[in-house]
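Subject: Structure handover and findings

Dear colleague,

Please find below the structure for your review. A summary of the findings is set out after it.

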Amino acid sequence: MTTHDDTQNAHAASSVRDNRLVVAISSRALFDMEDSHDLFEREGLDAYRAFQIEHEDDLLEPGVAFPLVQKLLGLNALSGDVPPVEVILLSRNSGDTGLRIFNAIQHYKLGISRAAFTSGAPTSDYIAPFRADLFLSANAEDVGRALRAGVAAATILPSTAPQRSSEQLRIAFDGDAVIFGDEGERVSKEQGLEAFHLNESERWDEPLSGGPFRGFLAALHRLQAAFPAETSPIRTALVTARSAPAHKRVILTLRRWGVRIDEALFLGGRDKGPFLDAFGADIFFDDSPANVESARRHVATGHVPHGVSNT
């Protein structure tokens with residue numbers, strides 16, 4: 001017999017599941033597969049397939065986004081009404097060559113059970129059916145397709161950044177063209193910095209439009225909201241080239257959205273890399289090719305090919 005309490009508990013569990021954070025990731029972002037990818041580029045699919053089958057029992061080393069995924073999945077072990085995190089593997093491998101990847105997933109005890117192997121076809125078509133909030137890939141074409149479909153997505157770049165020892169998950173975002181729209185950047189590029197500051201000062205009380213990462217930031221905030229701010233396992237930072245007086249509109253926009261950002265760095269054009277290193281970011285998202293080149297020397301970095309900086 002179903003009781004009223006049973007019904008309430010079922011509804012509560014369903015609500016938590018509906019708030020889950022879903023991250024889709026490519027095999028080359030999760031594991032270090034550059035050698036085999038270079039082989040594919042040089043000698044083609046048959047050589048690549050033979051190599052993967054021959055080395056099926058050889059363990060793949062962690063890739064650039066591996067620590068991020070490990071920390072995200074680790075949130076599922078925390079107690080309380082915490083929205084679950086799910087990581088989906090999207091790979092251009094075939095199911096045959098993908099066996100080596102799942103062997104590595106099993107070895108590292110990553111809680112990844114869902115995957116799509118497309119045998120060379122774009123993986124982006126499966127992002128929507130999996131209801132992913134974020135897509136990370138080393139393939140810029142797939143990332144561009146995902147962004148055009150309205151999903152937060154970034155190209156994971158090679159990085160020599162050291163792995164962070166902290167157990168806390170730390171994610172940093174650029175503002176314009178990532179969390180927010182690129183209107184401000186357009187004014188800056190087309191009319192200059194003085195015009196940009198004037199525009200932001202005159203429109204300080206108008207919320208900024210949402211950028212491609214607004215939805216992911218909201219999903220991340222739902223996870224953060226399950227913990228007291230002072231003991232949260234997740235910490236976020238806004239790292240932007242903006243400075244006063246252009247800071248006010250940003251702060252008021254986030255307040256209007258009801259989203260918490262733990263740290264806000266208004267750098268006024270300073271090099272972001274050392275600040276990201278000081279923050280200890282597990283990953284940083286930025287639209288500017290120049291900024292990501294600087295950042296990836298210090299932290300794992302995802303390029304968001306969106307907005308006027310990428311036209």
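The following paragraphs cover the basis of the model, its salt bridges, its aromatic pairs and a charged surface patch.

This is a predicted model, in which local features need pLDDT of at least 70 and side-chain atom pairs count only at pLDDT 80 or more, while totals for chains, interfaces and linings use all residues. Residues are numbered from 1 along each chain as its sequence is written, and side-chain values use heavy atoms, with hydrogens and water left out.

Salt bridges

The whole structure contains 14 salt bridges (a side-chain nitrogen of Lys or Arg within 4 Å of a carboxyl oxygen of Asp or Glu). In one of them, Asp-282 meets Lys-71 at 2.9 Å, N to O. Asp-282 lies in the loop between helix H12 (273–279) and E9, and Lys-71 in helix H5 (residues 66–74), so this pair ties together parts that are 211 residues apart in sequence. Helices (H or I, at least four residues) and strands (E, at least two) are DSSP runs, numbered from the N terminus. Both Asp-282 and Lys-71 are buried (buried means under 20% relative accessible area, exposed over 50%, and partly exposed in between, with a 1.4 Å probe and protein chains only).

Glu-141 forms a salt bridge with Arg-92, with 3.8 Å between the closest N and O atoms, and another with Arg-145, at 3.7 Å. Glu-141 and Arg-145 both belong to helix H7 and are four residues apart, about one turn of the helix. Shared partners join Arg-92, Glu-141, Asp-142 and Arg-145 into one network of salt bridges.

Aromatic pairs

Eleven aromatic pairs were found in the whole structure (rings of Phe, Tyr and Trp, the last by its six-membered ring, with centres within 6.5 Å; planes under 30 degrees apart count as stacked, over 60 as edge-to-face and the rest as tilted). Among them, Phe-102 and Phe-117 are edge-to-face, at 6.1 Å centre to centre and 65° between the planes. Phe-102 is in helix H6 (residues 99–107) and Phe-117 in strand E3 (residues 115–117), so the pair links parts that are 15 residues apart in sequence. Phe-173, Phe-213, Phe-216 and Phe-285 form one aromatic cluster. Within this group, Phe-216 is buried, at 3% relative accessible area, and Phe-285 is buried at 0%.

Surface patch

Asp-32, Asp-35, Asp-38, Glu-41 and Glu-61 form a negative surface patch (residues with over 30% relative accessible area and no salt bridge, like charges being joined within 9 Å). Asp-32 sits in the loop between helix H2 (27–30) and helix H3 (34–43) and is partly exposed, at 43%.

Yours sincerely

Terms used:
Patches are made of residues with over 30% relative accessible area and no salt bridge: like charges are joined within 9 Å, nonpolar side chains (Val, Leu, Ile, Met, Phe, Trp, Tyr) within 5 Å. Accessible areas come from the Shrake-Rupley method with a 1.4 Å probe; for residues, only the protein chains shown count as cover. Lys and Arg count as positive and Asp and Glu as negative; His and the chain ends are not counted. The place of a charge is taken as NZ of Lys, CZ of Arg, CG of Asp or CD of Glu.
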